[in-house]
Structures are given as C-alpha cells and as structure tokens.
Amino acid sequence: MTTQLAAVSNLALPAGFGADLGKGIGAIALYAIIGLVLMLIGFYAIDWTTPGKLSDLVRTGKPNAVIVTASGMLSMALIIVVAIFFSANDLTAGLITSVVYGLIGIIVQVLAVRTLEWVTKLDVGATIEDEKFAPASVVVAAVHIALGLIVAVAIS
C-alpha cells in the first residue's frame with residue numbers, strides 16, 4: 001500500500017504548475033499578437049515602398065507581384081522571429097525589445113531592398129505588373145530573402 005501511495009504522489013504536478021502554464025499561454029498570445037502586428041506593418045511597408053498596389057496585383061494574379069510579395073513577407077517573418085527569439089527573458093522587456101527590434105528590422109529591410117533595387121536599376125514597378133513571369137522577380141525575391149537573413153542575424 002505504501003508503495004502504491006508513493007507511486008501516485010510522484011505523478012502529482014509541481015507546485016505552481018498551473019500559474020506557470022497560464023503565464024506561458026499568455027506570453028504566447030502576446031508574442032503572437034506582436035508578430036501579427038509587425039507582419040502587417042512589414043506588409044504595408046513593402047506595399048508603400050514598392051511601385052504599384054501589391055495587394056491588388058496579388059489579388060489579380062500577377063505572378064511577379066506574388067513572388068515579390070511572398071519573398072518580402074518571408075523576409076519580414078525572419079526578422080520578426082529572430083527579434084522575438086532574442087528578446088529579453090523578462091516578459092515585459094521581451095515584448096518591448098521584440099517590438100523595437102522588429103520595427104528597426106523592418107525599416108532597415110525596406111531601405112536595403114530599395115537601395116539595392118536602385119543600384120541594380122531594376123524596374124520593379126514594371127516587373128510586378130507584368131502579366132507573364134519575369135526572371136527579374138526572382139532576383140528581387142532573392143534580394144528580399146537575403147537581406148531579411150542579414151538583418152535577422154544583425155538583430156541577434
């Protein structure tokens with residue numbers, strides 16, 4: 001009987017487990033909200049700084065706009081994930097650093113991509129509005145992802 005009681009008592013959850021679980025769920029929700037808001041800001045930053053209305057071009061199925069937008073969003077996600085991953089351990093400080101690093105990363109990403117497009121003299125506006133696939137869209141996509149990785153590593 002004593003052995004059975006000892007086995008059952010070993011199955012008990014540690015003290016404070018419920019509170020820790022609740023805090024963890026709350027942190028996940030807050031970081032998810034911050035991630036979503038930063039992704040929206042990132043999308044609008046790309047949309048605002050890219051010739052043409054990306055959402056309209058994507059909705060109408062312009063293949064190059066889809067490629068450029070998808071790569072831009074992926075690059076923003078890389079930056080945001082790293083900003084969250086390397087945020088402070090304290091929840092409040094972590095949320096603040098995630099927002100600050102995420103916003104700085106988005107700004108740097110947009111400026112770097114626009115600068116590289118200017119230097120390479122790519123006509124991004126004409127490329128993303130083209131009805132047919134344009135190889136230049138792959139170059140722009142690669143630039144988005146490469147610079148997103150660079151900015152993400154800079155945050156870390």
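How much accessible surface does the protein have, and what percentage of it belongs to carbon and sulfur atoms? In this predicted model, the accessible surface comes to about 9200 Å², and 75% of that area belongs to carbon and sulfur atoms. Of the 156 residues of the protein, 35% count as buried.

The fold is built from 7 helices and contains 0 strands, so that, read from the N terminus, the order of elements is α-α-α-α-α-α-α. The radius of gyration of the protein is 22 Å, which is well over the 15 Å given by the globule rule for 156 residues, and the protein is therefore more spread out than a compact globule. Along the principal axes, the C-alpha trace spans about 80 × 30 × 20 Å. Among the contacts in the protein with a separation of 6 or more, 80% are accounted for by residues 24 or more positions apart. As for charge, the protein carries 7 positive and 9 negative charges, whose mean positions are 2 Å apart.

When residues up to four places away in sequence are not counted, His144 touches Val68, Ser71, Gly72 and Ser75, together with Gln109, Val113 and Arg114.

Note on methods: Residues are numbered from 1 along each chain as its sequence is written. This is a predicted model: local features need pLDDT of at least 70, side-chain atom pairs count only at pLDDT 80 or more; totals for chains, interfaces and linings use all residues. Side-chain values use heavy atoms; hydrogens and water are left out. Helices (H or I, at least four residues) and strands (E, at least two) are DSSP runs, numbered from the N terminus. The radius of gyration is taken over C-alpha atoms; the globule rule is 2.2 Å times the number of residues to the power 0.38. Buried means under 20% relative accessible area, exposed over 50%, partly exposed in between (1.4 Å probe, protein chains only). Contact means heavy atoms within 4.5 Å. Accessible areas come from the Shrake-Rupley method with a 1.4 Å probe; for residues, only the protein chains shown count as cover. Lys and Arg count as positive and Asp and Glu as negative; His and the chain ends are not counted. The place of a charge is taken as NZ of Lys, CZ of Arg, CG of Asp or CD of Glu.
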